[in-house]
Number of protein chains: 2
Amino acid sequence: MQRSHHCGQLTPEQIGQTVILNGWVQTRRDLGGVLFIDLRDRSGIVQTVFNPDYSGEALQIADKVRSEYVLAVKGTVVKRDEETVNRNLPTGEIEVRITDIEVFNSAKTPPFFIEDGVEVDESLRMKYRYLDLRRPEMLKTLRLRSQASKIFRDFLDNEAFIEVETPILTKSSPEGARDYLVPSRVHDGEFFALPQSPQIYKQLLMVGGVERYYQIARCFRDEDLRADRQPEFTQVDIETSFLSPDELLGMMERLMQRLFKETVGVDLELPFQRLTHAEAMSKYGSDKPDLRFGLELVEMNDIVASSGVKVFASVIEKGGEVKCLNAKGCGTWSRKEIDDLGPFAARYGAKGLAWIQVKDGEFKGPIVKFFSEEEIAAVKERTGAEEGDLLLFSADTRKVVADVLGALRVKIGGQLGLIDENVFKFAWVTDFPLLSYDEDQKRYTAEHHPFTRPREDDLHLFETDPGAIRAQAYDIVLNGYEVGGGSQRIYKREVQEKMFDALGFTPEMAYEKFGYLLDAFEYGTPPHGGIAFGLDRLVMLLSGRTNLRETIAFPKTASATDLLMDAPAPVEPEQLELLHIKLVPKPEKEKK
Amino acid sequence: MQRSHHCGQLTPEQIGQTVILNGWVQTRRDLGGVLFIDLRDRSGIVQTVFNPDYSGEALQIADKVRSEYVLAVKGTVVKRDEETVNRNLPTGEIEVRITDIEVFNSAKTPPFFIEDGVEVDESLRMKYRYLDLRRPEMLKTLRLRSQASKIFRDFLDNEAFIEVETPILTKSSPEGARDYLVPSRVHDGEFFALPQSPQIYKQLLMVGGVERYYQIARCFRDEDLRADRQPEFTQVDIETSFLSPDELLGMMERLMQRLFKETVGVDLELPFQRLTHAEAMSKYGSDKPDLRFGLELVEMNDIVASSGVKVFASVIEKGGEVKCLNAKGCGTWSRKEIDDLGPFAARYGAKGLAWIQVKDGEFKGPIVKFFSEEEIAAVKERTGAEEGDLLLFSADTRKVVADVLGALRVKIGGQLGLIDENVFKFAWVTDFPLLSYDEDQKRYTAEHHPFTRPREDDLHLFETDPGAIRAQAYDIVLNGYEVGGGSQRIYKREVQEKMFDALGFTPEMAYEKFGYLLDAFEYGTPPHGGIAFGLDRLVMLLSGRTNLRETIAFPKTASATDLLMDAPAPVEPEQLELLHIKLVPKPEKEKK
């Protein structure tokens, strides 16, 4: 019995037709000898009826059927009686009177209900992922992801991009995150590495004259996982030659516009807002600001430097800063509510959190007494403080102040209901620093990666102040998430060598690790640049979810485990022997 | 200077227009102070002219330019004088008179010429792959591959398939080829494996109700490589629920039809020929026969069993067989030419090669005297032997006879010019054996994989003659290559258990390795089946090439090495420490 229709697609138009359906038993009810089976397939659910009047033997067979059995049924579509119409079901106006049935497979009672919104322990869902995927909201997300990939591809294909597959078995790189390694059987003692991104390959494709490349590429990072990280993840990887940054960014904006229009029906306004990294950090305390609401941070150094608040003065003296977040309308909070912000701020590194309430026309709070009247007037003007506001002050290093007030801004914006969940607010953050100083390694590391092109007007800073060099790099942010990032790339050997030098590589080290790239720069490398979008995260935001794992068919847990297949797993000693490796026995004390 | 046009797209239509071009210097000629630079980009080549009359300073700059420099130039499109028109160049009717130039980058002399058809050592091409890719034929193949992927996706999307990405970090499987392993940092002593295919995941997606899945998936096999194997390769992976094999195969035929029409403009006739595995082996000595020509093999056992040719009789007695290939028109070959077939046949396992020439109306050759007149008449009739034919006989085990005559058939078909290189001759080979006996392991192994569904009418053979069970499996062959293969899958736990049993797994072993799948079969698994196409090989055939590496942007050598990046490579001791593994030192004697 080959299916003629899909369950969810039956409408009153098919009334009178004989149809064959395939699917799973969603529910089975016996009402006085008449059996009602809701049959589910990928498209939806329809009610089938087994009645002694017309079902014959099929009724006996259906009687043994239980939830999640797999069936083929044949019957006639009929209109339901007015009083039995189910308005909650798209197919609720009709039902199918069954004359034939075939049971493809039986089913044990599943460990959880196959329906949306059920509260199930996530590890159980991951172990039985094949049942979890049957839930309509999971299938819907898989479809959305597939659709999103299709839109990316169609758009890029239309813009004359060539899809090129780059290797998964590649070389370990000394920079960036930790690599997954793959021992080589043929090359004794040597290893492949899984790519953290196709970065170098896509640059070599530009050297190779491909001019416009894309790939929806799997990438790997052996890092400790957070809620929004997976050991393998997917990026839409793009690289172009001869395009100005404006041309590239404009094209990517049109791509996002099409993606959001075609998947969730949202019209994005172009162009996207652009702000420099310095602006983003200053106003929002974040390099991926949520721009759906205001609550901008305000610099206070000049006003409070000479106030009586000692901690402000001393922080400023040490090169730190004092900033203020005006939590509009929170001035009526109780002392307890305000104090509760303390532990939250501490998580972001705050050693304390000073505050002022504007209440009954006056500034109130422990630090007010240390301010002069002029200073109070200046604070009031700078922060736009009005009756009922709450001013929150952070004084620390630039980084801590940004982290603390940035986090408070988002928290308070949420509490005040300033965040419209239906708005998608994109922006570009540009002019990232090229390098950041790593206190552990006592050297500079690349903020993006070692192939990012510095701004021409900052090149001279390699000699004097590498930390101040701005990169031709741009992140694309959406509602407080970084959904993509890219840069113009270095394409001159001498600039690349300066970069490696700034990272602390000797020329020999640089050549040993990246000689093929340095060589390539000498054979006619065009100016090029690109971007990569995080597909998992984009799909997460498009589907209104907050957990990356919901966007991935077979995700891994936070400890990088596949609970379904139980991977990783021990392997046979002969396998290791062939790879010329052996396990290092665990020291006794570490064993549990 | 942002490009206004692509080099290869300029036509007389642009005459009089000012254009800006970006690209690489293909050639540079100085004709009495006038410089001609052929500029190349992805689209093709155009001649630019630098003349003291209009080029000014640009001429001085251009004078320093050499091959493969990267330029932007600005100038006016003009018609060439009639006598200087280059009919070999699509842009040969025009040239561009340059007024401005910018040198983006210089270039050393490349290690080989950047043009098609140059004889270059392949290892040099792979080391400088970024230069090799600049050759028009390489870029053309990359484009073709991209286009083929797009067509697969568009077709499948249109047939309501959902693209789902499955994990690359997965679990080692005890069956099939050797796995690449990935040590886990978090799970001491445990390993991920790179997938040989997404087989189990796609089946679990069917259990999960996805119904129609596809993915252009990277797969990995740690096997010794041949010319048409790569350690990582790409397959178009497809799985469906509730479809009959005929529905699936018909859909795939339409897919191939569209692919060949849209890429190389060839109309494929549907439906494709179907032949069983037994037929293919019998008539062509191959499970992937080249059907562009006849030269079918002929069974001889009944005719020659009682002839005086002792080796024939003894082979037949031992259960082997005797078959004949009628090499039409080769009867005029010299004795030396015929004898030269011996060493060729020996490579395929032949211990000897008997032959008969039909010459001057008579059978001639060393074995003729052992035949009776009736036997000669029977041979003549069975083989259709005519004046000028050459009959080649192989007598051995079934396998050796098939290998020897199958190879001879292709060799002679080629020599006789019977193979039309412009024809694409598809066929399905069906009813593969489910199991084959592995003499080394002294057990049955799966001919396709352990999840292939046996034919219903052969299920009883599990108890009596597992080797005779036919599978519901089908390969799709094209011109002597297997370009895809698939099967209906087992979807009942008890059948899967029988299969594991036939493979020599204890129930405990089977559950340890594949418990999640056996469990899944108990929760409502639909009937399902699928197929996978080898993308690399399809692109190879579409582009008329014979080497898989030409279809891959960054291929590996036959010893699984990336010559460009020099991977695999040694890694830092700290990296291994984190993974809880160490290298096994090579025994002294093995060191070189």
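Predicted model: local features only at pLDDT ≥ 70, side-chain atom pairs only at ≥ 80, totals over all residues.
Local features need pLDDT of at least 70 and side-chain atom pairs count only at pLDDT 80 or more, while totals for chains, interfaces and linings use all residues. Residues are numbered from 1 along each chain as its sequence is written, chains are lettered from A and ligands numbered from 1 in the order in which they are written, and side-chain values use heavy atoms, with hydrogens and water left out.

**View 1. Domains of chain A.**
The domain assignment of chain A gives domain 1 (12-105), domain 2 (125-266 + 526-581) and domain 3 (293-419). These bounds come from an automatic or database domain assignment. The C-alpha centres of domain 2 and domain 3 of chain A are 41 Å apart.

**View 2. The interface of chain B and chain A.**
On chain B, 125 residues are in contact with 125 residues of chain A; contact means heavy atoms within 4.5 Å. The size of an interface is often given as the accessible area lost when the parts come together. Here the buried area is about 11,100 Å². Carbon and sulfur atoms give 59% of that area. Buried area is the accessible area (1.4 Å probe) that two parts lose on being put together, summed over both. Arg42(B), Tyr523(B) and Met565(B) supply 8% of the area that chain B buries against chain A, more than any other three residues.

A salt bridge is a side-chain nitrogen of Lys or Arg within 4 Å of a carboxyl oxygen of Asp or Glu. Asp222(A) and Arg185(B) form a salt bridge, with their closest N and O atoms 3.2 Å apart. Helix α4 (residues 136-158) of chain B gives the largest share of the side of chain B that touches chain A, 10 residues. Helices (H or I, at least four residues) and strands (E, at least two) are DSSP runs, numbered from the N terminus. Across the interface, 65 residue pairs are in polar contact, both residues being at pLDDT 80 or more. A polar contact is a pair of N or O atoms within 3.5 Å; within protein, one must be able to donate a hydrogen and the other to accept it, and residues adjacent in sequence count only if both atoms are side-chain atoms.

**View 3. Salt bridges in chain A.**
The whole structure holds 105 salt bridges over all chains. One of them joins the side chains of Arg493(A) and Glu522(A) at 3.2 Å, N to O. The pair links distant parts of the chain, 29 residues apart. Arg493(A) is in helix α16 (residues 493-502), and Glu522(A) is in the loop between α17 (507-520) and β22 (528-534). Arg493(A) is buried at 18% relative accessibility, whereas Glu522(A) is partly exposed at 24%. Buried means under 20% relative accessible area, exposed over 50%, partly exposed in between (1.4 Å probe, protein chains only). A network of salt bridges links Arg125(A), Arg129(A), Asp132(A), Arg135(A), Glu137(A), Arg545(A) and Glu550(A).

**View 4. Salt bridges in chain B.**
Arg218(B) and Glu232(B) form a salt bridge, with the closest N and O atoms 2.9 Å apart. Arg218(B) is in strand β9 (residues 212-220) and Glu232(B) in strand β10 (residues 232-241), 14 residues apart. Arg218(B) is buried at 15% relative accessibility, and Glu232(B) is buried at 8%. The side chains of Arg335(B) and Asp339(B) also meet in a salt bridge, at 3.4 Å, N to O. These two are four residues apart in helix α10 (residues 335-339) of chain B, so about one helical turn separates them. Asp339(B) is partly exposed at 39% relative accessibility.

**View 5. The eight-stranded sheet of chain B.**
Eight strands form an open sheet with mixed pairing, in the order β6-β9-β10-β22-β21-β20-β17-β11. Two strands pair if DSSP finds at least two bridges between them. The edge strands, β6 (162-163) and β11 (273-276), each pair on one side only. Strands β20 (residues 473-478) and β21 (residues 481-488) run antiparallel, joined by six bridges. Leu478(B) stands opposite Tyr481(B) in β21(B).

**View 6. Strand β17 of chain B.**
Five of the five residues of β17 (residues 426-430) are buried, so the strand is largely enclosed by the rest of the structure. Phe426(B), Trp428(B) and Thr430(B) point one way, and Ala427(B) and Val429(B) the other way. β11(B) and β17(B) run parallel over four bridges. Leu275(B) has Val429(B) as its bridge partner in β17(B). β17(B) and β20(B) pair in the antiparallel sense over five bridges. Phe426(B) stands opposite Leu478(B) in β20(B).
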